[in-house]
Amino acid sequence: GSSFRQLVAGTDAKVPLANGKYVRGINFDNAATTPPLCAVLSEINQFAPWYASVHRGKGYKSIICSERYEQGREVVREFVNAGQQDVVIFTKNTTESINMLAYALAGERDQVVLTTDMEHLANDMPWRDKFTVDYIGLTKAGRLSLQSLESKLQLHAGKVKLVAVTGASNVTGYINPIAKIARLVHQYGAAIFVDGAQWVPHIAVNMRPPDAAEHIDYLAFSGHKMYAPFGTGVLIGPQAAFAKAVPVYQGGGAVGLVSQATIEWDAPPAKWEAGTPNMMGVLALITAIETLSKLNLNTIHRYEQHLIDYTIDGLRTIPGITLYSIRDGREARVSLVSFSLEGLHHSQVAEILSQQAGIAVRNGLFCAHPYVEKLLRLSAEEIKYYQTHDDKSLPGLVRVSFGLYNTINEIKIFLAILAHIAGHRQHYADKYSYVLAPN
Ligand code: PMP
């Protein structure tokens, strides 16, 4: 078993099966959201006597809260080794962080943001209406093409403001070579933003490596994917970059003195945090960060690598499975993999795993529609068809994604039931046909 298991809350909860029996649920959907650490829940409870509004009072509790909240920025800074000129802005999640960054950087409409064909929609859509967006292409294996990156940097030379790329894919688990990408991006005078939602929780991240050419200019991630509760995210970048633009949200907490005719903005990060801050959320986030740091991200990565290697080896022995993350030896990946099973729709596979074995997986397009469309080689006509028809059989994949508390034993159960399903495809296709029925 995993020695990490007892650190996470709720891992023993039972879930019902189709036959009415209850089994211990197996959660293989950690790329969506991880359950909270016990340390996080107990810290929230212990802090309850000091619960007060941040930055709003001279009362003792309010001062304690404000100090803790501001210290939180330093905990985050240290965790990813952000620079002294960087500010840590607390947000609601990665999606909000990236939308705010797009607002902060928006200027001339002909400035280019290069993003990629493998992004979550959060790192694609926010750029579209504020910049000229172009997409860095993929290799045949579905990895980011560094040749494509370089040719796009040349094509838009002098106009590229930012290259926005994911640290790790939520569809294939591929980890991108961020140091190499940063070096290229900086050679062309642009800045790099890394979407750390699937990266920061699973591998040690360093925004300021020894070689300054490889530094990360902007970084975002979500608390709920790293064992803190919902509702906190982070946006990090140079303070000067957040000083100019008018922030998305305006109101108290973001300003010095305001009259009906004039506004004196606070300096970032406060300028981008209007409204009462999520004090308990930030407390939870920094407790999660401190716990993960103590466990050591390298140790966590090694354990999770073992889980995903075992899974991929197992999936390869099951007839009818297609993997969408090929394995070429020691490639860098986080602990998730996507696949399809011939003869069954992805929503049927997910439903069967839940109903027959209490295993929670994710299926569909994982909010990374263009990437999955490319992995499945869908034509523009096919995409148009699905956009214009109310067809429940939308294309997609099945994804399993692990957290530090998952175990080889759970994976064995999963592989066994999946092999059974694969061996009885027709039976299951008939039994679960209702999953695909229109409303
Ligand atoms: N980027 C990636 C790579 C993700 O996997 C996710 C979450 N699925 C997001 C961004 C968005 O994160 P959130 O929903 O917390 O805003």
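The model is predicted, with pLDDT of at least 70 needed for local features and 80 or more for side-chain atom pairs, while totals for chains, interfaces and linings use all residues. Numbering runs from 1 along each chain as its sequence is written.

I then looked up the link between S13 and S14 (residues 336-341): 3 bridges join them, and they run antiparallel. Strands are DSSP runs of E of at least two residues, helices runs of H or I of at least four, numbered from the N terminus. Pairing takes at least two DSSP bridges.

Next I checked helix H8 (residues 297-315). It packs on the sheet and touches S13, S14 and strand S17 (397-401). Its direction makes about 15 degrees with that of S14. Contact means C-beta atoms, placed from the backbone, within 7 Å. Angles run from 0 to 180 degrees between N-to-C directions of axes fitted to C-alpha atoms, for helices over the stretch in contact.

I traced the open sheet of 4 strands: its order is S13-S14-S17-S16, with antiparallel pairing. S13 (321-323) and S16 (362-364) are the edge strands, each pairing on one side only.

Helix H9 (residues 346-357) lies across S14, S16 and S17. H9 runs at about 160 degrees to S16.

How values were computed: Two residues are in contact if their C-beta atoms, placed from the backbone, lie within 7 Å.
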